[in-house]
Amino acid sequence: MPVAPLGTTPGLRRRLRRQALGFALLTGAAGAVALPGIRLLGEVLRRGWPVLGPEFLLAPPRDFLRAGGIGPAVLGTLLLLLGALGVALPLGVGAALYLAHYARPGPVTAGIRVAVGGLAAVPPIVYGLFGFSLFSVAMGLGRTAAAGALTLGILVLPTVITAAEEALAGVPREYREAALALGASRWQAARRVLLPLALPGIRSGVALALARAAGEAAPILFMAALFRAGPGGGLGDRPLALAYHLYAAATQVPGLPPERLYGAALVLLALVMGLMALALGGGGGGWPERRP
Amino acid sequence: MSENKFEVKDLHLYYGSFHALKGITMAIPARRVVAFIGPSGCGKSTFLRTLNRMNDLIPGVRVQGQVLLDGRDIYAPDVDVVALRQRVGMVFQRPNPFPMSIFDNVAYGPRLLGVRDRNALRRIVGECLEAVGLWDEVRSRLDASALGLSGGQQQRLCIARCLAVEPEVILMDEPTSALDPVATAKIEDLILRLKERYTIVIVTHSMQQAARISDYTGFFLNGELVEFGPTGTLFTNPRDQRTEDYITGRFG
Ligand SMILES: Nc1ncnc2c1ncn2[C@@H]1O[C@H](COP(=O)(O)OP(=O)(O)O)[C@@H](O)[C@H]1O
Ligand SMILES: [Mg+2]
């Protein structure tokens, strides 16, 4: 191939000008996409920040949410998320292990994959109805944090399965083979070798899924309390939850100072973004870098 | 003296409809180093993996023919694959230490075999690390993660991990192709020492390596074993024109 002499080639300046124009357009487009997000964050921060304080964060609400704090809603959200984690982690990782390392390819496995994909597309309110009729009514758990956690756990299950299966599939196959070559059973190889190697990927997926669950009001519409949590604040009680609290306070309480809504929204955002950071910080690669 | 560890008789392997091994017949003598060479994609790894039934894990694989280990067919229905794999260990192309400590890597196999006693494990780990020449380098940090070792150290650790279950045969699939020349030389020395006790079957990307370390060499081409014999004869006086073309660099 002939090499152009150093210096300018014909049309170089024109191409550079057009390139600069192109980059400017792209930067503008990216900025336009980011702008609403930045506006939203700024607004929530500006209006919510002033009401934050120990009382707001820790105390129970008074006067139908018009005064007091959101302490029980914060605790309720954490309880629901922990419960959902307890449901989705073992089920999701188990299912992912099955799909990645036990299932033989075929119609059954393909069917399971389609079902998992389909579940991810079901609207959250449908999970709410399903969870209520199954856990609250049929299983007799009633309107409790336990029923809510189970519902959220099922809601995030497809995300967890997909992320965990991808993480497991990303572990080079020689790791599994090395364990089996030493006489490990498939389960032993999975537990001590594959799962630790896939852990960073699984952790990201789970954190992302929980971040989503934290912001959903619809799935727990029928289980969460509006104004006051059940007396014990445990799994057997009716929980307050930030997302549902926001929805309820905005629609059911006339004369509520909007700053209190922004304050609660800010706390919810912080929680969700914290989980996101955990997901992204968890590292992309499923296994450590090899050194030369 | 000329006791055979493996006898392979008319072995065919199919990946689905792809005929990857076409009638391999050979005998692998005990306590020798046997090397396989050939262009990439000709079935060397596939054949190596038939010797400990590692291909069983791949969906759609079909095997015909016989592989006898000490006279017994390892593809017979009553064979315990886990026990087979403990007799026939394997070292892979890229070092693949487990995400655990150096100690736990070597102790992994013995623990699977039910060794629980801390002192017994310590003795096994010490002996195996000694055998691969790693003991002096890692004795002070047995509890550190194996992932912090250099590539060459990791590969020797993987060999130690394999020795810890006291195999009779060690299969190695291009064990030095990811290593620098110094680390490669250490592994080659190690292989020469190990053949006093173990039968070693090695796939190598380098004819020089085969010439340096092996007693017998097999040349694979398109799923066939073209020629198999004493390394010296194969390299200086090949019987088959294709072998000659390959070792003189005329293709591949
Ligand atoms: N899991 C597999 N599924 C289908 N074909 C495979 C698989 N593994 C290897 N092959 C094919 O079998 C042939 C031999 O592969 P391999 O044994 O890896 O060759 P080599 O180790 O000599 O480079 C190649 O054509 C390869 O594409
Ligand atoms: Mg290969």
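This note walks through a predicted model, one topic per point.

1. **Chain B as a whole.** Let's start with the overall build of chain B. Its secondary structure amounts to 10 helices and 10 strands. The C-alpha atoms occupy a box of roughly 55 × 45 × 35 Å along the principal axes. For 252 residues, a compact globule would have a radius of gyration near 18 Å, and chain B agrees with that, at 18 Å.

2. Of the 252 residues in chain B, 56% count as buried. The accessible surface of this chain is about 10600 Å², and carbon and sulfur atoms hold 47% of it. The contacts say something about how the chain comes together: taking those between residues at least 6 apart in sequence, 66% join residues at least 24 apart.

3. **Who surrounds ligand 1.** Which residues of chain B surround ligand 1? The shell consists of B:Tyr15, B:Phe18, B:Pro39, B:Ser40, B:Gly41, B:Cys42, B:Gly43, B:Lys44, B:Ser45, B:Thr46 and B:Ile58. Sorted by class, this shell has five nonpolar, five polar and one charged residues. Helix α1 of chain B, residues 44–50, provides the largest share of the shell, with three residues.

4. **Polar atoms at ligand 1.** B:Thr46 has a polar side-chain atom 2.5 Å from an oxygen atom of ligand 1. B:Ser45 likewise places a polar side-chain atom 2.7 Å from an oxygen atom of the ligand. On its own, ligand 1 exposes 560 Å², and 63% of that is buried by the protein.

5. **B:Gln155, a buried helix residue.** Is B:Gln155 buried or exposed? Its relative accessible area is 0%, so B:Gln155 counts as buried. You will find this residue in helix α6 of chain B, which covers residues 151–163. Apart from neighbours within four places in sequence, B:Gln155 is in contact with B:Val91, B:Phe92, B:Gln93, B:Arg94 and B:Pro95, and also with B:Pro175, B:Leu179 and B:Ile187.

6. Now over to chain A, where A:Gly148 and A:Gly153 both sit in helix α6. A:Gly148 is buried, with 0% relative accessibility. Setting aside neighbours within four places in sequence, A:Gly148 is in contact with A:Leu80, A:Ile220 and A:Met223. Its C-alpha atom is 9.0 Å from that of A:Arg238, although 90 residues separate the two along the chain. A:Gly153 is also buried, at 0% relative accessible area. Beyond its neighbours within four places in sequence, A:Gly153 is in contact with A:Ala84, A:Val87 and A:Ala88. A:Leu82 lies 71 residues away from A:Gly153 in sequence and 9.3 Å away in space, C-alpha to C-alpha.

7. Why does A:Glu165 count as buried? Its relative accessible area is 16%, and the cut-off for buried is under 20%. The side chain of A:Glu165 makes a polar contact of 2.5 Å with the side chain of A:Arg113. Leaving out neighbours within four places in sequence, A:Glu165 is in contact with A:Ala96, A:Leu99 and A:Ala100 as well as A:Arg113.

8. **Two residues with positive phi.** Here is a backbone detail worth a look. Most residues other than glycine have a negative phi. A:Phe64 is not a glycine, yet its phi is positive, at about 50°. A:Phe64 lies in the loop between β1 (61–62) and β2 (67–68) of chain A. With a relative accessible area of 52%, A:Phe64 is exposed. In chain B, B:Glu166 also has a positive phi, near 50°. B:Glu166 belongs to the loop between α6 and β7 (169–173) of chain B. Its relative accessibility is 66%, so B:Glu166 counts as exposed.

Definitions and conventions:
Residues are numbered from 1 along each chain as its sequence is written. Chains are lettered from A and ligands numbered from 1 in the order in which they are written. This is a predicted model: local features need pLDDT of at least 70, side-chain atom pairs count only at pLDDT 80 or more; totals for chains, interfaces and linings use all residues. Side-chain values use heavy atoms; hydrogens and water are left out. A residue is near a molecule or strand if one of its heavy atoms lies within 4 Å of it. A polar contact is a pair of N or O atoms within 3.5 Å; within protein, one must be able to donate a hydrogen and the other to accept it, and residues adjacent in sequence count only if both atoms are side-chain atoms. Accessible areas come from the Shrake-Rupley method with a 1.4 Å probe; for residues, only the protein chains shown count as cover. Helices (H or I, at least four residues) and strands (E, at least two) are DSSP runs, numbered from the N terminus. Ala, Val, Leu, Ile, Met, Phe, Trp, Tyr, Cys and Pro count as nonpolar, Asp, Glu, Lys and Arg as charged, and the others, Gly among them, as polar. Buried means under 20% relative accessible area, exposed over 50%, partly exposed in between (1.4 Å probe, protein chains only). Contact means heavy atoms within 4.5 Å. The radius of gyration is taken over C-alpha atoms; the globule rule is 2.2 Å times the number of residues to the power 0.38.
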